4 protein chains.
Amino acid sequence: MKGEEAIRVLITGGTIDKEYDPLTGELTFGKSHLSNILSQVRCKARFVLEEVMLKDSLQMRSEDREEILKRCVVCQENKIIVTHGTDKMVETGLVLGNNVKGKTIVLVGAMIPYAFGASDALFNLGCAFAAVQALRHGVYITMNGKIFPWDNVRKNKESGEFEKLKD
Amino acid sequence: MKGEEAIRVLITGGTIDKEYDPLTGELTFGKSHLSNILSQVRCKARFVLEEVMLKDSLQMRSEDREEILKRCVVCQENKIIVTHGTDKMVETGLVLGNNVKGKTIVLVGAMIPYAFGASDALFNLGCAFAAVQALRHGVYITMNGKIFPWDNVRKNKESGEFEKLKD
Amino acid sequence: MKGEEAIRVLITGGTIDKEYDPLTGELTFGKSHLSNILSQVRCKARFVLEEVMLKDSLQMRSEDREEILKRCVVCQENKIIVTHGTDKMVETGLVLGNNVKGKTIVLVGAMIPYAFGASDALFNLGCAFAAVQALRHGVYITMNGKIFPWDNVRKNKESGEFEKLKD
Amino acid sequence: MKGEEAIRVLITGGTIDKEYDPLTGELTFGKSHLSNILSQVRCKARFVLEEVMLKDSLQMRSEDREEILKRCVVCQENKIIVTHGTDKMVETGLVLGNNVKGKTIVLVGAMIPYAFGASDALFNLGCAFAAVQALRHGVYITMNGKIFPWDNVRKNKESGEFEKLKD
């Protein structure tokens, strides 16, 4: 809980960063909202933002996961938050969990885009900021107030909720 | 990190729950927003809400702190979040830190009311939900992405920020 | 400007009423937001809400326009607001303009869904409420602070803006 | 309804422009939000913003009303919106109504600050933009979907609503 160590925030896209395009009526990626979000919530924890990509996680391929893994390994920080689409968050968690040692990594996303009025993005990001500071080394997913280790979590496609594989 | 244990959320008031009275033009307390907030953010962690009081912390007296302490002690949960005004949050933390053993208690508030557009309330509450699950027994304050033990924190009245007393 | 006459609000769908489905990641229609909107903005003008349909205007067919026309004709009110998708608002205005006499009808929509944070929906609806009370009989489109008669307006597909056909 | 004529927007303060000061917990004036508001709602009507003052209308004195009157008279536009606190809006309307001829002036405000989540500001401003374009010369107050001539309106202090003096 040394507040002085910076937290690396790797931005990879996902619902949290989607916005509405008034010309097409579609949801798209523009510029990441993370910088505005962390300013709005007056985040005083030290952090470094790094945009790796802006992708729907359904579009991510294995080379995208390799890229995210590489960024986690090469950065000097030991506390890392990865913003990520929820559909394939578990898959990326698997790659990171199997390959990164000696760091605390928290994957986080949102069910509703930040740009929408009633989004879960701010709450989920708050969870991620506390979790990455409080948890021991390892890879975790935090969504909607719950924290999961990378190897005991799945997304329930029916309910949209993350849940444990086994108790 | 057993997700099944419920988190007790003790509501005591503070900026987070203030709202605007259009007739007087003043900020007041109506009904607590906590239930709506946790519904909006789709919180899936088990929690129990308990409204202890709705007060500006500048109006709290020692009997109020005794009441909060009592609720922390008598409830069956070991993970407790206390929503609280920021001005005297440290003072209440002191009472809890000196008197509660064997529980994890996180005090949290907001600099901007939830009812305002650009509030830090959701982010701070997210921090509290993760912190109360991830931290060992003890009393903590979490505000704006930082986590402090109860005996090493103060509110800087100039900047409005919470900071460590000593490194 | 007799405030006592009720305003009939015919809901037909469009961007204004779209919401985000967290399970599919698509924009869909749920329940119309109009009732909540007019409550939030403390609308004190008398109005009657009537949901005709909830459709993207690109999906509207000639029988939908006939239905909207029928509702405008049979209702007892002389002041009518029609919420409508922007893509084919001009086409519906044409049907109404050619067939309704002795009433003031204002078509209105939004470029950004109400459920999004930075929507134009409330402003546009405000325009519609004032326009329907202040304008003489006829059919009008009001969008983004401008008012057009039904027979001198088009939607510019490049810019997304409504503009006059001729000065 | 010539869209090309600019609308002069005179900013004088009031609830619409109030914001929350996190250090004092008070509502204050910072920078006017009108420019941001009209950008958010994608206002395409031509307008010119002019900040006359930022005051709670309870603090306005007769010289303030003289100043507002002067600005209405000297500006070249014939369509003028005046943003104003609601408590003394009727008094300013009286001064303008008795002294300005040949222009359409609409006074408008809000019961809830724009910076709050559930504000009536955008809707009311929409009303003002349409009213100032659609109404004949004269001085009007528009609030919460209703339009009043300056000499037949009062604010009901009990309900917070504007109402006619006589039918």
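Two strands are said to pair if DSSP finds at least two bridges between them, and the strands themselves (E, at least two residues), like the helices (H or I, at least four residues), are DSSP runs numbered from the N terminus. This is a predicted model, in which local features need pLDDT of at least 70 and side-chain atom pairs count only at pLDDT 80 or more, while totals for chains, interfaces and linings use all residues. Residues are numbered from 1 along each chain as its sequence is written, chains are lettered from A in the order in which they are written, and side-chain values use heavy atoms, with hydrogens and water left out.

Six strands of chain C form an open sheet in the order β4-β1-β5-β6-β7-β8, and their pairing is mixed. Strands of a sheet pair through backbone hydrogen bonds, either parallel or antiparallel. Because β4 (47-55) and β8 (146-149) of chain C stand at the edges with a single partner strand each, one side of each is left without a neighbour in the sheet. Direction ignored, neighbouring strands of this sheet are turned by 20 degrees against each other on average.

If a salt bridge is taken as a side-chain nitrogen of Lys or Arg within 4 Å of a carboxyl oxygen of Asp or Glu, a search of the whole structure finds 48 of them over all chains. In one of them, the side chains of B:Arg8 and B:Glu77 meet with an N to O distance of 2.9 Å. Since B:Arg8 lies in strand β1 (residues 7-13) of chain B and B:Glu77 in the loop between α2 (62-74) and β5 (79-83) of chain B, the pair ties together parts that are 69 residues apart in sequence. Both B:Arg8 and B:Glu77 are buried, a word used here for under 20% relative accessible area, with exposed meaning over 50% and partly exposed in between (1.4 Å probe, protein chains only).

D:Lys18 is buried, with a relative accessible area of 11%. D:Glu50 and D:Arg71 likewise meet in a salt bridge (2.6 Å, N to O); D:Glu50 lies in strand β4 of chain D and D:Arg71 in helix α2 of chain D, so the pair ties together parts that are 21 residues apart in sequence. Of these two residues, D:Glu50 is buried at a relative accessible area of 16%, whereas D:Arg71 is partly exposed at 21%. In chain A, a network of salt bridges links A:Arg8, A:Glu50, A:Glu67, A:Lys70, A:Arg71 and A:Glu77.

The text now turns to the contacts between chains. Taking contact to mean heavy atoms within 4.5 Å, 35 residues from chain A meet 35 residues from chain B. The area buried between chain A and chain B, that is, the accessible area (1.4 Å probe) that two parts lose on being put together, summed over both, is about 3,000 Å², and carbon and sulfur atoms give 66% of it. Two salt bridges are found across this interface, and A:Glu161 forms a salt bridge with B:Lys44, the closest N and O atoms being 3.6 Å apart.

Between chain B and chain D, 16 residues of chain B are in contact with 16 residues of chain D. The area buried there is about 1,300 Å², of which carbon and sulfur atoms give 69%, and B:Tyr20, B:Leu23 and B:Phe116 supply 44% of the area that chain B buries against chain D, more than any other three residues. The count of salt bridges between chain B and chain D is zero.

How values were computed
Axes fitted to C-alpha atoms, helices over the stretch in contact; angles between N-to-C directions.
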